[in-house]
Amino acid sequence: MSKQQQQSHPQTLPLGTRFQTVLRPHRSASVKAINTLIYIMAGLWAIVALGFSSVGAWPVMGFLGLDVVLLYSALHWNNRTGRAYESIDLTEDTLTIEKIDPWGHHQSWSFQPYWLRVELAKMEQGRTQLALRSHGKSLTIGAFLTDAERENLANTLRHELAVLMGCGPRPVSD
């Protein structure tokens with residue numbers, strides 16, 4: 001399950017913000033865990049390589065070393081892509097989506113919430129796609145979320161927009 005931090009309690013949000021969340025892709029291994037795995041694999045492969053070398057099959061050593069390098073590269077790339085995130089901020093007059101890619105490039109979109117439609121479409125193989133549509137503009141969000149997480153986010157956004165427009169249940173105040 002991905003890390004999705006939602007804040008909608010009025011006392012914890014910045015002034016004027018009605019809803020705020022940050023969507024992050026799930027990564028199961030930390031940098032420390034990846035490095036530990038690589039050290040273990042390199043050690044095991046070194047023992048195997050010595051065995052092959054002792055029977056005269058020394059060219060195998062290079063291929064086993066290449067395996068370790070490729071495994072490290074793949075795990076490092078996977079971890080790096082986990083740095084991407086999407087931020088959603090809803091205020092009285094604007095819904096802002098900010099997407100930051102793994103290399104820190106920033107993109108931002110703003111929508112007027114009173115004209116915004118939140119659409120959760122069924123795609124091929126039972127997957128879903130969450131899109132925000134308004135005035136001919138469309139933006140897909142949460143592509144790295146699971147289907148259940150996209151559905152939950154869609155329902156939460158619809159609820160918050162309904163409350164903003166005065167059509168939904170009001171939060172209970174203390």
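**View 1. Arg 150 is buried, with a relative accessible area of 2%.** Buried means under 20% relative accessible area, exposed means over 50%, and partly exposed lies in between (1.4 Å probe, protein chains only). This is a predicted model: local features need pLDDT of at least 70, side-chain atom pairs count only at pLDDT 80 or more, and totals for chains, interfaces and linings use all residues. Residues are numbered from 1 along each chain as its sequence is written, and side-chain values use heavy atoms, with hydrogens and water left out. Which residue forms a salt bridge with Asp 147, with the closest N and O atoms 2.6 Å apart? It is Arg 150. A salt bridge is a side-chain nitrogen of Lys or Arg within 4 Å of a carboxyl oxygen of Asp or Glu. Asp 147 and Arg 150 are three residues apart in helix H3, so about one helical turn separates them. Asp 147 itself is partly exposed, at 23% relative accessibility.

**View 2. Asp 147 also meets the side chain of Arg 127 in a salt bridge.** The N to O distance here is 3.8 Å. This pair links distant parts of the chain, 20 residues apart. Arg 127 sits in the loop between strand E6 (117–122) and strand E7 (128–134), while Asp 147 belongs to helix H3 (residues 147–164). Helices (H or I, at least four residues) and strands (E, at least two) are DSSP runs, numbered from the N terminus. Arg 127 is partly exposed, with a relative accessible area of 38%.

**View 3. Lys 99 and Glu 86 form a salt bridge.** Their closest N and O atoms are 3.8 Å apart. Lys 99 lies in strand E4 (residues 95–100) and Glu 86 in strand E3 (residues 85–91), so the pair ties together parts that are 13 residues apart in sequence. Are these two residues buried or exposed? Both Lys 99 and Glu 86 are buried. Elsewhere, Arg 117, Glu 119 and Arg 133 are linked in a network of salt bridges. A search of the whole structure finds six salt bridges.

**View 4. Helices H1 and H2 pack at an angle of about 170°.** H1 covers residues 31–54 and H2 covers residues 59–81, and their axes are 9 Å apart. That angle makes H1 roughly antiparallel to H2. Axes are lines fitted to C-alpha atoms, for helices over the stretch in contact, and angles run from 0 to 180 degrees between N-to-C directions. Angles under 35 degrees count as roughly parallel, over 145 as roughly antiparallel, 65 to 115 as roughly perpendicular and the rest as oblique. By class, the contact of H1 with H2 has 17 nonpolar, three polar and one charged residues. Ala, Val, Leu, Ile, Met, Phe, Trp, Tyr, Cys and Pro count as nonpolar; Asp, Glu, Lys and Arg count as charged; the others, Gly among them, count as polar.

**View 5. Helix H2 has buried residues that pack against H1.** Contact means heavy atoms within 4.5 Å. Leu 64, Val 68 and Asn 79 are buried in H2. H1 residues in the contact include Ile 38, Trp 45 and Phe 52, and H2 residues include Leu 71, Tyr 72 and Leu 75. H2 has 23 residues and reaches 34 Å from its first C-alpha to its last, close to the 33 Å expected at 1.5 Å a residue. The expected span of a helix is 1.5 Å times one less than its number of residues.

**View 6. Helix H3 holds Arg 158.** The 18 residues of H3 should span 26 Å at 1.5 Å a residue, and the end C-alpha atoms are 26 Å apart, which agrees. Among the buried residues of H3 are Leu 153, Ala 154, Leu 157 and Leu 161. Arg 158 is partly exposed, with a relative accessible area of 35%. Leaving aside neighbours within four places in sequence, Arg 158 is in contact with Val 118, Glu 119 and Leu 120. Arg 158 and Val 118 are 40 residues apart in sequence and 6.5 Å apart in space, C-alpha to C-alpha.

**View 7. His 135 has a positive phi of about 50°, although it is not a glycine.** Most residues other than glycine have a negative phi. His 135 is found in the loop between E7 and strand E8 (137–141). At 63% relative accessibility, His 135 counts as exposed.
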